Amino acid sequence: MSEADQKGHPQTVFEAEGLQSLVETLARKGYQVIGPTVRDKAIVYAEMESAKDLPVGWTDRQDGGTYRLEKRQDEALFGYVVGPHSWKQFLHPPKARLCQAKRKGDCFEPRGEDREIPKRAFLGVRACELAAIAVQDRVLLQGTYTDPVYQARRGNIVLIAVNCTQAGGTCFCTSMGTGPKVTSGYDLALTEVLEDGKHYFVAQAGTEPGEEILREIPHREAQDPERQIAESLIAKAAGNMGRTLEAEGVHDLLVANLEHKRWDEAAKRCLTCGNCTLVCPTCFCTTVEDSTDLTGEQAERWRRWDSCFTLDFSYIHGGSVRPSARGRYRQWMTHKLATWHDQFGTSGCVGCGRCITWCPVGIDITEEARAIRETPVSQAAPSGKERSRANP
Amino acid sequence: MQTLEPILAEHPFFKNLDPKILQVIVGCATNVVFKAGEFIFREEGDAQEFYLIRKGQVALEIYAPGRGPITLQTLHDGNILGWSWLVPPYQWHFDARAVEETRAIALNGRCLRTKCEECHELGYELMKRFAFVVTQRIEALTLQVLDIYGDHRS
Amino acid sequence: MATTAVKEKPIPPVRAGEPMHPRPFKVLKNQPETHDTFTLELEPAEGPREFRFAPGQFNMLYVYGFGEVPISISGDPAEPGVLVHTIRAVGTVTRALERLKRGELVGVRGPFGTSWPVAEAQNQDLVIVAGGIGLAPLRPAMVQALSGREKFGKIVLLYGARTPDDLLYVRELEQWRSRLDLEILVTVDRALGTWRGNVGVVTTLFPRASYDPFHTLALVCGPEVMMRFVILELAKRGTPADKTYLSMERNMKCGIGLCGHCQIGPTFVCKEGPVYRFDRVKGLFGKREL
């Protein structure tokens, strides 16, 4: 018996048409449904009104610096992996107003913020993305100070997860222990099966709200063969990862190799464009901007996404602490794979591969880690070209 | 009358120096006292001696027209004043002024140089000690040059 | 088509304890210290009359229309009715702070960060080494130690500044110097001929400081280069890394460990710092671009 009946939630099956029923149920319950859709030749997350908005029959081909959509032979609704969007734009939004102030003569009067957010349902959350949400929960909700913007959004979410039945060209969730199967943190988990002319979903609730939603979709108990096919599809995805990263010991490896010459090589290619930080589902850095309107009567404090790749990020005393691309690339990668552990007790990387796909020059975090592991500095001979006591 | 030998021996500069060697240079030593405000030596003067400061405060100064005397460093009990006697043209590059009454041992340069040529062991011991003093002084001056408290925005 | 006036939704007041909302404080006094440094004395404009903090902590100070900067608190922790900040005017916001007059408002968020462990120095000697504006975050530690003087052995202050005109708290230094239970040694990097004090970097003061390096707690604050050499000097004389504390500095935006700007290696300076025990950051300190 698989983990099928964890928490006593049975595995069920509903036909492909049930997806439309699912979307309608969510809307009826007052949720704004956000899910994948094709836009500008990519699969992005946007508000959905019907199952027809999903990327039916589409798949993605991903590699270093490459992302292309292709038509599938079938009509799968979730036959792709992750695109440039992650769910962080809804939970940890790119811009948020923190407070305002009104001028009163020589003084000012601060005012707070209204934090009412609509209820949302995230449809099509992958295992790596659930892991990323858990990572951001740890960073933004479990520190000494919690982030009220994230907190207001996080409580109102219903998570409909989807198990990946194929792996992407830059995926390495198995290396990071985050997928492809979802194990926790979801309200409802779906596995899409297309086989022998049949098209159905194996569905399992993870929570009471998930159960309530499932109840409104025509479904039946899953049969053993159906369960087994679903499992084997997920297992196939696990075996087909586009990349691998040896996560064991990577913290100590990077911390011991801060002067490795690989950083210079990465720096030669890195444009410090910050794309990786934008698409990464766990990157959380923000900056605070204070501004006034033209009359000067009203001031606002905004928070917006920032990236450690900008020169300004570490600006102090008239200069940047990390003026070189080498310094900034090293900062990003060692934070993601190493010092994140020191700060939050987990890796910062969930193996989604977005940073590899969306890097304009195709820098590959798994390749960089491998290169350093294969030639650690600690084993290198002392510097200086050939030493000799004799005069040749 | 007591010789200057015990006074030389207790000065930090000559710490651990073999007494036989110390005896060689006693003849080059004289006891000196400078009044507060008195110049110990002036820029471009002949560097005939160097000084082991026993007690007092000495300011190393340089005079810039329009700015007046600028103090580069102050020296205190136990410090060495002057090393221009070591290398030709044996000329001072700064002014040295006693800020308060200062007692010191003056060691004659030519006397020492002659004795160092005769006794290389003395020469080596003096060089070792001067190398140490000079390195310390350069390290400290380097920090001053860095202007670490300055505003480096421009 | 007739339009109905949309009722403006009432904006909630600033919630007490919301760490990103500045609390308005009134300027009581703006006192110049040197040509580019000044000290502000502030009191809360509303709400609780006291502002409690520990020596070494900092606030984010906000000037309406200009922005925010992190500034160490310089006052006496036992006087929570007045909030004191000594500030160097080097940028847009600090220059705006410099222009503030009595009665005007400043936004304050804090106190944030870790503090100098003054109590740990009980029954030992306390050596405080300050460089330039670094005396500002150390002043509360000195004041706190002096308020319980009998608990400590020797207390020594070594203070280095650029020139005599850059010395902070001159009157207070003179008061401290007149005490018989305190050793105050001051030096400047260069001076005009009228200066009768020491000239030379702060490390040159060590030979004349009397303290027992093996039973001492050292607190160091100043530019990073200065701290590097001072810590070397302390260690050379026998004070170990786990008895030496320093204050690190990095770019700060939120001050609450959520924006990532102040990170050095595994630590956020606004959370585990700015005061660090030196042995805990030895591997990070002085490393290029970390």
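Trainee: Which residues are buried in helix H9 of chain A?
Mentor: This is a predicted model, and in it Arg262(A), Trp263(A) and Ala266(A) are buried in H9(A), the helix running over residues 262–269.

Trainee: Where do they sit around the axis?
Mentor: They span an arc of only 100°, so they are on the same side of H9(A). As a rule, an α-helix has 3.6 residues a turn, so residues three or four places apart point the same way.

Trainee: And what covers the buried residues of H9(A)?
Mentor: The cover includes two helices of chain A, H11 (325–344) and H13 (365–374).

Trainee: Okay, new topic. Which residues touch the most other members in the largest nonpolar core?
Mentor: That core has 142 residues, and the ones with the most contacts to other members are Ala121(A), Val125(A), Leu130(A), Ile160(A), Ala161(A) and Leu188(A). Helix H3 of chain A, residues 127–141, gives the most to this core, with 9 residues.

Trainee: What does Val125(A) touch?
Mentor: Leaving out residues up to four places away in sequence, Val125(A) touches Trp87(A), Leu130(A), Leu159(A), Ile160(A), Ala161(A), Val162(A) and Tyr186(A).

Trainee: Let's do sheets. In what order do the 4 strands of the open sheet in chain A come?
Mentor: The order is S7-S6-S14-S13, with antiparallel pairing. At the edges are S7 (107–111) and S13 (286–292) of chain A, each pairing on one side only. From one strand to the next, the twist averages 25°.

Trainee: How many bridges hold S6(A) and S7(A) as a pair?
Mentor: There are 5 bridges between S7(A) and S6(A), which covers residues 95–104. Across that pair, Lys102(A) stands opposite Glu109(A) in S7(A).

Trainee: Where are the cis peptide bonds you'd point me to?
Mentor: One joins Pro88(B) and Pro89(B), with omega about 5°. Pro89(B) is in the loop between strands S6 (80–81) and S7 (95–98) of chain B. Another runs from Gly273(C) to Pro274(C), with omega near 10°. Pro274(C) is in the loop between strands S15 (267–268) and S16 (275–277) of chain C.

Trainee: What about phi at Asp40(A)?
Mentor: Asp40(A) is not a glycine, yet its phi is positive, about 50°. Most residues other than glycine have a negative phi. You'll find Asp40(A) in the loop between strands S2 (32–39) and S3 (42–47) of chain A.

Trainee: Is Asp40(A) buried or exposed?
Mentor: Asp40(A) counts as exposed, because it has 6 C-beta neighbours inside 10 Å.

Methods
Residues are numbered from 1 along each chain as its sequence is written. Chains are lettered from A and ligands numbered from 1 in the order in which they are written. This is a predicted model: local features need pLDDT of at least 70, side-chain atom pairs count only at pLDDT 80 or more; totals for chains, interfaces and linings use all residues. A nonpolar core is a set of buried Ala, Val, Leu, Ile, Met, Phe, Trp, Tyr and Cys residues joined through C-beta atoms within 7 Å. A residue is buried if 20 or more other C-beta atoms lie within 10 Å of its own, exposed if 12 or fewer, and partly exposed in between; C-beta atoms are placed from the backbone. Two residues are in contact if their C-beta atoms, placed from the backbone, lie within 7 Å. Two strands pair if DSSP finds at least two bridges between them. Axes are lines fitted to C-alpha atoms, for helices over the stretch in contact, and angles run from 0 to 180 degrees between N-to-C directions. The arc is that of the directions from the helix axis to the C-beta atoms.
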